[in-house]
Amino acid sequence: MCTSTSTPATFPSFASYVRARGPVLLRAARSLSANPNDAEDLLQTALTKTYVAWERIEDHRALDGYVRRALINTRTSQWRKRKVEEFACDELPEPDPVPAPDPAELQGLRDAMWRAIMRLPPRQRAMVVLRYYEDLSEAQTAEVMEVSIGTVKSAVSRALAKLREDPELAGLGLSRVAA
């Protein structure tokens with residue numbers, strides 16, 4: 001049996017009880033929840049239930065036990081209501097296998113993309129190749145091209161706009177090249 005080191009006291013009001021016993025009750029709530037914010041919410045809920053029942057509680061020396069029981073019951077209710085997102089089943093759901101793309105079709109797409117890139121002005125072409133084929137950052141591309149980062153951004157943006165409008169890519173269903 002757990003006993004308190006202090007003598008049981010009678011509290012004239014709910015507010016005086018919360019002021020006097022709040023820190024102790026918060027420690028009890030923190031023992032039920034790993035997250036301090038959740039513990040505070042848990043305590044607030046338990047204190048709300050205590051406030052509603054304040055007039056019905058005959059022995060105010062047993063208030064700590066009442067609030068602790070409210071803490072435990074509230075935490076148990078929260079735990080039971082939690083959303084279960086995973087459940088056991090006999091068979092694991094596997095996605096349908098995606099068929100491998102036809103290598104000849106992929107090569108045709110690459111060739112069409114390269115022809116469209118070759119139709120770009122030389123400076124835009126160089127920046128697109130450095131950014132997307134060589135995978136350089138905007139800063140690295142600017143350094144290689146000896147231009148500002150803003151120039152790289154605007155030139156690449158204009159180049160991608162031209163690629164989106166390219167009739168050959170549109171005919172292949174590639175009118176929406178990734179920006």
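Modeller: Happy to! An axis here is a line fitted to C-alpha atoms, for a helix over the stretch in contact, and the angle between two axes runs from 0 to 180 degrees between their N-to-C directions. Please keep in mind that this is a predicted model.

Let's begin with helix 4 (residues 103-118) and helix 5 (residues 122-133), whose axes approach within 9 Å and cross at roughly 140 degrees. Roughly antiparallel would need an angle over 145 degrees, and roughly perpendicular one of 65 to 115. Helix 4 is therefore oblique to helix 5. On the helix 4 side you will find Met-113, Trp-114, Ile-117 and Met-118, and they meet Arg-125, Val-128, Val-129 and Tyr-133 of helix 5. Sorted by type, the residues of this contact come out as seven nonpolar, no polar and one charged.

Arg-119 forms a salt bridge with Asp-166, with 2.9 Å from N to O. This pair ties together distant parts of the chain: Arg-119 sits in the loop between helix 4 and helix 5, whereas Asp-166 belongs to the loop between helix 7 (149-165) and helix 8 (167-171), 47 residues away. The two partners differ in their surroundings. Asp-166 has a relative accessible area of 7%, so it is buried, while Arg-119, at 48%, is partly exposed. Salt bridges with shared partners also join Arg-119 and Asp-166 to Arg-115 and Glu-168 in one network. Across the whole structure, a search finds six salt bridges.

The crossing is right-handed. Helix 1 contributes residues including Phe-14, Val-18, Gly-22 and Leu-25 to the contact, and among those from helix 2 are Pro-36, Ala-39, Leu-43 and Thr-50. The residues of this contact divide into twelve nonpolar, two polar and two charged.

Arg-30 pairs with Glu-40, and their closest N and O atoms are 4.0 Å apart. Arg-30 lies in helix 1 and Glu-40 in helix 2, ten residues apart. With a relative accessibility of 42%, Arg-30 counts as partly exposed, and Glu-40, at 36%, likewise counts as partly exposed.

The side chains of Arg-21 and Asp-64 form a salt bridge, 2.5 Å from N to O. Here Arg-21 of helix 1 is linked to Asp-64 of helix 3 (residues 63-81), 43 residues apart in the chain. Arg-21 and Asp-64 are both buried.

One last stop is Leu-63, which lies in helix 3 too. Its relative accessible area is 1%, so Leu-63 is buried. Between Leu-63 and Thr-50 there are 8.5 Å in space, C-alpha to C-alpha, and the two are 13 residues apart in sequence.

Notes:
Residues numbered from 1 in each chain as written. Predicted model: local features only at pLDDT ≥ 70, side-chain atom pairs only at ≥ 80, totals over all residues. Heavy atoms only, no water. Left-handed = near helix turned anticlockwise from the far one by under 90°. Helix = DSSP H or I, 4+ residues; strand = E, 2+ residues; numbered from the N terminus. Contact = heavy atoms within 4.5 Å. Nonpolar A, V, L, I, M, F, W, Y, C, P; charged D, E, K, R; others polar. Parallel < 35°, antiparallel > 145°, perpendicular 65-115°, else oblique. Buried < 20%, exposed > 50% of the residue type's maximum accessible area, 1.4 Å probe, protein only.
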